[in-house]
Amino acid sequence: MCGIVGYIGKDIKETLIDGLKELEYRGYDSSGIAILSKNDLFIKKTVGKIENLELASKDYVNTEKSIGIGHTRWATHGKPTDINAHPHLGEFSFVIHNGIIENFQELKKEMSDDLFLSQTDTEVIVHLFENNFNKLNDELEAFKATIKMLRGSYAILLISKTSKENIYFAKLNSPLAIGKNDNGNYSLASSDLAMQEDINSIIHLDDGDYGVVCEDSISLFNNEEKKNIAFKTLNSNKLFSQKEGYKFFMEKEIYEQSTVICDTLASRVSDKISFDELNMDISKFSSIIICACGTSYNAALSSKYLFEQIAKISTNIEIASELRYREPVLDKNALFISISQSGETADTLECLKMVKKMGLKTLAVCNVDNSAIVRLSDEYILTRAGFEKGVASTKSFTTQLTILWMLSIFIAQEKNIISDELLEKEIKAILELYSVLEVPKILHEKIHKLSKRYLHGHGFFFIARDIFYPLALEGALKLKEISYFHAEGYPAGEMKHGPIALADPELFTIALLPRSRLYEKMKSNIQELIARDSTVCIIGSSDKDLADDFIEIKEYSHQMHEYFSMTIVLQLLSMEIALRLGHDVDMPRNLAKSVTVE
Ligand code: AGP
């Protein structure tokens with residue numbers, strides 16, 4: 001994943017570090033900066049979060065105009081150590097990189113082992129550049145020759161003592177943007193978010209773009225051709241996010257769900273559903289294919305039930321990392337929907353590219369405007385969840401599923417297959433989401449107290465049936481990513497086909513027991529586990545005394561109201577367990593918010 005920034009100007013250390021803080025969601029195994037001024041060179045790399053880098057470089061003062069690059073790492077090749085942290089250095093140049101250089105071993109074989117300090121794939125770039133510079137004696141030509149030799153994915157920034165005024169950049173399958181302020185100064189970063197406050201126009205580079213930025217000019221090339229540069233206005237309303245009194249972003253984002261959902265619905269719900277942003281005949285598709293990763297995949301899986309129940313349309317859900325390497329036979333008349341919070345997830349993006357080549361019509365459901373997936377899709381719907389900073393997705397999940405639910409109603413409307421009664425019932429239920437997603441104080445307190453009983457054991461099963469089954473998957477994913485407990489989501493009816501063999505008091509079962517779908521069947525499955533001594537916690541509105549523990553949700557008649565109130569419970573439960581274990585729920589180990597490598 002990794003986040004990169006580059007800057008030319010004064011206050012360079014502070015600017016680079018501020019930019020990296022905004023990119024910490026992309027990885028926080030280590031970070032580093034390199035700054036070149038007329039008479040000075042500063043390089044600092046530290047393991048762990050950006051605050052370590054800030055502390056380690058606190059004594060460095062630089063008032064001159066300088067060039068600099070900064071990197072926050074999510075390790076792919078080589079452990080998170082100071083040596084493996086970026087920038088990587090050669091004799092006279094420094095490089096940072098987001099992506100994977102797939103042929104780095106091959107390239108390394110051509111060079112002396114003594115050159116290499118790190119175990120990373122990235123380091124090869126700086127040595128290649130220096131070899132090429134020694135041959136060609138021209139920085140841009142040397143950089144061009146270097147990137148030609150690379151295979152894989154990359155966003156690269158490189159600076160060199162040979163000029164001390166240029167930042168070289170290249171992009172292939174990893175995001176990179178260049179921003180400009182009113183004075184014509186440039187800034188480079190993996191995302192708009194990391195640009196300084198005064199940056200007001202931006203270009204998102206295309207694959208194959210490379211070039212050089214200096215203080216007040218920029219040269220951009222693709223395929224040896226010089227490219228025209230068309231900057232777009234950058235919305236000054238930066239998606240800036242603070243904790244607003246909450247201790248963790250995850251907690252803030254759980255509580256925010258009831259308000260951001262109003263933005264998701266705004267102008268889209270009246271006596272019918274409308275998506276004014278769509279310019280296509282949604283009723284013409286013979287089927288739907290949805291592709292996503294992680295939590296977005298779980299939202300997609302849940303939506304399959306809604307598309308089939310409400311829109312009566314065949315719907316297939318694909319895990320992006322699997323789909324991209326299959327030889328799929330896809331319905332050419334299908335609508336292909338990519339779901340992504342970040343709009344940057346590499347596997348989802350690659351699938352989108354693949355199906356576009358096959359000629360399918362594509363729609364993105366995404367939270368980040370201008371992201372790669374939004375830009376590449378034929379059409380897009382924004383979830384409007386606001387900036388999500390916690391690595392564990394919460395509000396992006398509820399807003400994604402709400403959009404997909406609304407889309408299923410919209411298709412049914414356009415196909416003229418939804419009765420007035422059902423349409424009215426669904427719209428009423430959607431409009432009530434605001435209150436369903438509110439977090440009752442008493443519920444949070446109950447979950448906090450109960451969480452201390454679930455800090456040991458040999459694992460968790462989250463079980464449910466029907467549309468609640470993907471929610472069980474999401475509950476398990478949430479718990480494992482922040483508590484590091486083994487947790488598995490399972491269809492309750494499948495437990496007796498194998499996993500029930502694990503049942504004993506140290507096996508914790510979190511059972512979703514809605515009244516709206518397959519209530520009796522689910523209850524029987526829970527009883528089977530109780531009979532085999534599993535420790536069971538029921539989340540539901542009835543059967544308080546059936547199992548060891550009970551987390552009560554309000555009584556709702558609509559399945560999606562039960563679904564979303566259980567979502568809140570699962571999010572809080574995983575957070576409270578993780579907090580009791582002393583984990584940083586916003587930045588769990590080994591993870592990053594945006595997975596821009598495969
Ligand atoms: C879950 O909490 C994670 N954040 C992760 O599974 C995430 O949903 C996945 O990486 C997909 O990200 P995206 O929605 O930005 O594409």
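**Contacts, burial and charge pairs**

Colleague: At what distance does the backbone nitrogen of Ile101 lie from a polar atom of the side chain of Asp121?
Modeller: This is a predicted model, in which local features need pLDDT of at least 70 and side-chain atom pairs count only at pLDDT 80 or more, while totals for chains, interfaces and linings use all residues. Residues are numbered from 1 along each chain as its sequence is written, and side-chain values use heavy atoms, without hydrogens or water. A polar contact is a pair of N or O atoms within 3.5 Å; within protein, one must be able to donate a hydrogen and the other to accept it, and residues adjacent in sequence count only if both atoms are side-chain atoms. For the backbone nitrogen of Ile101 and the side chain of Asp121, the distance is 2.8 Å.

Colleague: Which side chain of opposite charge is nearest to Asp121?
Modeller: Asp121 sits in the loop between α3 (104-109) and α4 (123-136); helices (H or I, at least four residues) and strands (E, at least two) are DSSP runs, numbered from the N terminus. Lys and Arg count as positive and Asp and Glu as negative, with His and the chain ends not counted, and a salt bridge is a side-chain nitrogen of Lys or Arg within 4 Å of a carboxyl oxygen of Asp or Glu. Asp121 is buried (under 20% relative accessible area; exposed is over 50%, partly exposed in between, with a 1.4 Å probe and protein chains only). Asp121 has no salt bridge, and at 6.2 Å the nearest side chain of opposite charge is Arg73.

Colleague: How many residues apart in sequence are the parts that Glu344 and Arg26 tie together?
Modeller: These two form a salt bridge whose closest N and O atoms are 2.4 Å apart, and both Glu344 and Arg26 are buried. Glu344 belongs to the loop between β18 (334-340) and α9 (346-357), and Arg26 to the loop between α1 and β2, so the separation in residues is 318.

Colleague: How many residues apart are Lys65 and Glu215?
Modeller: Their side chains meet in a salt bridge at 2.6 Å, N to O. Lys65 is partly exposed at 45% relative accessible area, and Glu215 is partly exposed at 32%. With Lys65 in the loop between α2 and β4 and Glu215 in the loop between β12 and β13 (217-222), the pair links distant parts of the chain, and the number of residues apart is 150.

Colleague: How many residues of helix α1 are buried?
Modeller: The buried residues of α1 include Ile12, Leu16, Ile17 and Leu20. Their cover includes β1 (3-9), β2 (30-37), α2 (50-56) and β4 (66-73). Helix α1 (residues 12-22) is largely enclosed by the rest of the structure because, of its 11 residues, the number buried is 8.

Colleague: Which residue caps the N-terminal end of α5?
Modeller: Buried residues of α5 (residues 139-148), among them Phe143 and Ile147, pack against α4, β7 (152-160), β8 (167-172) and β12 (209-214). At the N-terminal end, a side-chain oxygen lies 3.0 Å from the backbone nitrogen of Leu140, and the capping residue is Asp138.

Definitions and conventions. Contact = heavy atoms within 4.5 Å.
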